[in-house]
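Student: Hi! Could we go through this structure together, starting with the ligand and then moving on to a couple of helices?

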Amino acid sequence: MMRLERQAQALLARSYYQDSAQPWERGPALAGTVQADVCIVGGGLAGLSAALELARAGMKTVLLEAQQVGWGASGRNGGQALAGYASEMEPFERQLGHEAARQAWAMSLEALDLMRTRIREHRIACDWTDGALTLAVRPAKARALRAWHEHMQADYDAAHLRWLDEAQTRAQVQSERYVAGVFDPLGGHVHPLNYTLGIARAARAAGVQIFEGTEAVQVQPAADAGGGKARVRTVQREVQGAAEGEVRAHFVLLAGNVHLGRVAPALARRIMPVGTYIIATEALGAERAAALIPSRACVSDSQFVLDYYRLSADHRLLFGGRVSYSTVSPPDLPATMRRSMLRVFPQLHDVRVTHAWGGFVDITMNRAPDFGRLAPDVLYLQGFSGHGLALTGLAGQLAAEAIRGQAQRFDLFARLRHRPFPGGDLLRTPLLVLAMAWYRLRDWL
Ligand SMILES: Cc1cc2nc3c(=O)[nH]c(=O)nc-3n(C[C@H](O)[C@H](O)[C@H](O)COP(=O)(O)OP(=O)(O)OC[C@H]3O[C@@H](n4cnc5c(N)ncnc54)[C@H](O)[C@@H]3O)c2cc1C
């Protein structure tokens, strides 16, 4: 965890979301030993969602967060709630067969439903806005997008996905960069930090004990820990001399994104930490913002190294893109990102950038999510591969179902096989940098 943090200072710069966040009453750091039914490691959306479900089912649930709730990807992402998976459906179809793939697709739609329901039920003020666009930047990409659209209609009953020709695409986004697109009315976007804090508040209200500034440093399943329960040892991050604590629980759920190297090296080998970045412009005013994206849908393109952007409730453009596969942030991040934005919207040349920040996503080799068990009483959720805003909510619910003895839906994902990245701890990043250079090149073909 420390190494990633040190290498990524620019990545973790103050975000627009932090500057527009609702207040959150920070939880205490853990000292001493607490007993629980379930101990969750990680206060992002995956961990918080599971915690909420478990507490509502009457289980004593403790959640440990090394920094503060929403500090990770969940509080700093592009805010785009999208159906499907970063991998598309191919790994599901190839490994699990057509019927299981169809179930997985249906669950990704359920994830969007769950998000809408929770926002309503817990009255989370996070600016939910309907609609998501995927756009193609050249004819070859348009043909690939069209083939995907037809496949989803034919094999997944996705009649709601609407094809847009060039003129229809231009009516959606005021940019000459795109030649075609697909509109998904079920997708949408939110202020991700306010959404995450809203889920955290709901979890706390349901009885979850949230400890912040508390890092899990060792996890032992019951079989190794003695005494019939799993053991999670912790340290307080902000205390000199590292005050220690311990949680004893019947189940542990690991939901720490890219930061679990110390407690679960076997998991860390199956994901690659990848940096991705966002800038926020100054407020554009309602009229100028509406001219850019009249429907206010969120937008991403279908490039391998994609641009993704949307309007905020206060009429800024939040523009994301660029990835760094080396965990080192690109120099002069705001200027680089601004150039990418002007490639799409040259008309914004006079607009000031007020914030630039980034975060880490946990990419798997095949880009499909990686859920499973390290031991019968230690479960994990990882590998959202940059496509986790909606899916983390459902993933938390599936983990909670599995802990409560209903594991069929969790196990559909757990059956997906994942290979570790080649090259071990030292070489996997340089190898990925090479692989990504190849994929970037393919974007231009
Ligand atoms: C810049 C950016 C843009 C993105 N855009 C989108 C988007 O538009 N749409 C989309 O669907 N997805 C997007 N994503 C991905 C999405 O944000 C993630 O998939 C999702 O938030 C992952 O949630 P999580 O709970 O697994 O991890 P996180 O939110 O990262 O939470 C993990 C938490 O665990 C804590 N932790 C880790 N280890 C320990 C430990 N040992 N002890 C205690 N605590 C620990 C960390 O401090 C962290 O707070 C984006 C991600 C980034 C970074």
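**The ligand and its surroundings**

Tutor: Happy to. Of the 40 residues around the ligand, Glu65, Ser74, Gly78, Gln80 and Asn257 come nearest. Keep in mind that this is a predicted model.

Student: Which kinds of residues make up the shell around the ligand, by nonpolar, polar and charged?

Tutor: The shell around the ligand has 17 nonpolar residues, 20 polar ones and three charged ones.

Student: And which helices or strands supply at least two residues of that shell?

Tutor: Helix α3 (45-56) does, and so do the strands β8 (214-220), β11 (271-281) and β15 (353-364).

Student: What does the ligand's nitrogen atom sit 2.8 Å from?

Tutor: A backbone N or O atom of Gln80. For oxygen, there is a distance of 3.1 Å between a ligand oxygen atom and a polar backbone atom of Leu45. An N or O atom in the side chain of Asn77 is also 3.1 Å from an oxygen atom of the ligand.

Student: How much of the ligand does the protein bury?

Tutor: The protein buries 98% of the 1000 Å² that the ligand exposes when taken alone.

Student: Nice. New topic: which residues of α12 are buried?

Tutor: Leu333, Thr336, Met337, Ser340, Met341 and Val344 are buried in α12. Looking down the axis of α12, those buried residues fall within an arc of 140 degrees, so they line one face of the helix.

Student: What about the span of α12, from first C-alpha to last?

Tutor: The 12 residues of α12 (333-344) reach 17 Å, close to the 16 Å expected at 1.5 Å a residue.

Student: And how many residues of α13 are buried?

Tutor: α13 is mostly covered, with 12 of its 13 residues buried. Among them are Leu391, Thr392, Gln397 and Ile403.

Student: What span should α13 have at 1.5 Å a residue?

Tutor: For the 13 residues of α13 (391-403), it should be 18 Å, and that agrees with the end C-alpha atoms being 18 Å apart.

How values were computed:
Residues numbered from 1 in each chain as written. Predicted model: local features only at pLDDT ≥ 70, side-chain atom pairs only at ≥ 80, totals over all residues. Heavy atoms only, no water. Near = heavy atom within 4 Å. Polar contact = N/O pair within 3.5 Å; in protein donor to acceptor, adjacent residues only side chain to side chain. Areas by Shrake-Rupley, 256 points an atom, 1.4 Å probe, with all protein chains shown as cover. Helix = DSSP H or I, 4+ residues; strand = E, 2+ residues; numbered from the N terminus. Nonpolar A, V, L, I, M, F, W, Y, C, P; charged D, E, K, R; others polar. Expected span 1.5 Å × (residues − 1). Buried < 20%, exposed > 50% of the residue type's maximum accessible area, 1.4 Å probe, protein only. Arc of directions from axis to C-beta.
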